[in-house]
Amino acid sequence: MKLTINGEMREILKSQTLGELIRELNIQAPNFAMALNQQVIPKSKYTTTPIQENDEVEIVHAVGGGV
Amino acid sequence: MNKNNEFMKIGDKTFKSRLIVGTGKYKSFDETRQAIEISGAEMVTVAVRRIELDKNKDSILNHLDPQKYTFLPNTAGCYTQKEAVMTCELAREAGLGNIVKVEVIGDEKTLFPDNEATLEASKALIKEGFHVLPYCTDDVVLCKKLEDIGCTAVMPLAAPIGSGLGIRNPYNIKLILEAVKIPVIIDAGVGTASDASRAMELGVSGILMNTAIAGAKDPLKMALAMKMAVECGRMAYESGRIPKKLYASASSPLDGLVEL
């Protein structure tokens, strides 16, 4: 299944939900957040949120920055 | 005399330090951590960006104790209301809290804010339960509007971001201080310690800075200089300075003067 993750086209092998996608991509940032098709998804819903072909996924975290 | 400065109140939190610092532009996470520690800041701002896939890079959050610091996620780099709102929602979901610095840039060269988009983004975020601290120009009418819609504080710029020009228009900052009841925090433009002191002497609640510390030749020493400058400026403000006069006013008594 093809997804756009952080603006990059990716072939995903086995994930059916956001929760599985985090494991497949091996995301280990201490604090991160996700949006699916421009909707922010609460952490509690990752395992129950299905992903489909051509979905747009954003995975973000905190970085150094100021003004 | 009360030697201790009053606390800074933002939303439902109080801070002993009136200095808020950014976490960008440092050479390493270690230098970031040390500079922040020396600055005495209790609130630190962070940006929200895409994770680089396939790279398990270290994170700034591994170096800053969340028990010690209140995070202030910012929307730096956002050019639209939609981007700014979504960035704040993502930041809250990432566990960075619900006090946010809203920044909607309107011009790439000056990094001046798009004030209309900032107002709209702030409105939307307040509805969603955020404590909103908007970065804005030093415009009294705008700051009143931002207060009216329910912003927690206003953050007028002193000078363009990263310019180090200091407070370009102290009179505008004075007018804003008279016009609004919410905290006024100077955001951006500070270059050196005297700029920070001057801002605090005007009576602002706090100052946010990043480049002035991170870009100094010795960031750790500058972090200490800024800590002291903010404290000194605040103390002078609370002390109440003497009025400015055109002519001299002797401080020695005229009685008992030796007369020849």
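I began with H6(B), where I found Asp195(B), Ala196(B), Ser197(B), Arg198(B), Ala199(B) and Met200(B) buried. For burial I used the count of other C-beta atoms, placed from the backbone, within 10 Å of a residue's own: 20 or more is buried, 12 or fewer exposed, and in between partly exposed. Helices (H or I, at least four residues) and strands (E, at least two) are DSSP runs, numbered from the N terminus.

Before going on I noted that this is a predicted model, in which local features need pLDDT of at least 70 and side-chain atom pairs count only at pLDDT 80 or more, while totals for chains, interfaces and linings use all residues. Residues are numbered from 1 along each chain as its sequence is written, and chains are lettered from A and ligands numbered from 1 in the order in which they are written.

What covers the buried residues of H6(B)? I found that the cover includes strand E9 (185–187), strand E10 (206–209) and H8 of chain B.

I then took the pair H6 (residues 193–202) and H8 (residues 219–239) of chain B, which pack at an angle of about 25 degrees with their axes 7 Å apart; axes are lines fitted to C-alpha atoms, for helices over the stretch in contact, and angles run from 0 to 180 degrees between N-to-C directions. H6(B) and H8(B) are therefore roughly parallel, the classes being under 35 degrees for roughly parallel, over 145 for roughly antiparallel, 65 to 115 for roughly perpendicular, and oblique for the rest. The residues of this contact divide into 11 nonpolar, three polar and three charged, where Ala, Val, Leu, Ile, Met, Phe, Trp, Tyr, Cys and Pro count as nonpolar, Asp, Glu, Lys and Arg as charged, and the others, Gly among them, as polar. Just after H6(B), I noted Gly203(B) with a positive phi of about 105 degrees.

I looked next at the largest nonpolar core, which has 91 residues, with Ile185(B), Ile207(B) and Met226(B) making the most contacts inside it; such a core is a set of buried Ala, Val, Leu, Ile, Met, Phe, Trp, Tyr and Cys residues joined through C-beta atoms within 7 Å.

Asn26(A) has a positive phi, near 60 degrees, and lies in the loop between helix H1 (18–25) and strand E3 (32–36) of chain A. Is Asn26(A) buried or exposed? With 9 other C-beta atoms within 10 Å, Asn26(A) is exposed. Leu111(B), also not a glycine, has a positive phi of about 55 degrees, and with 19 other C-beta atoms within 10 Å Leu111(B) is partly exposed.

Notes:
Contact = placed C-beta atoms within 7 Å.
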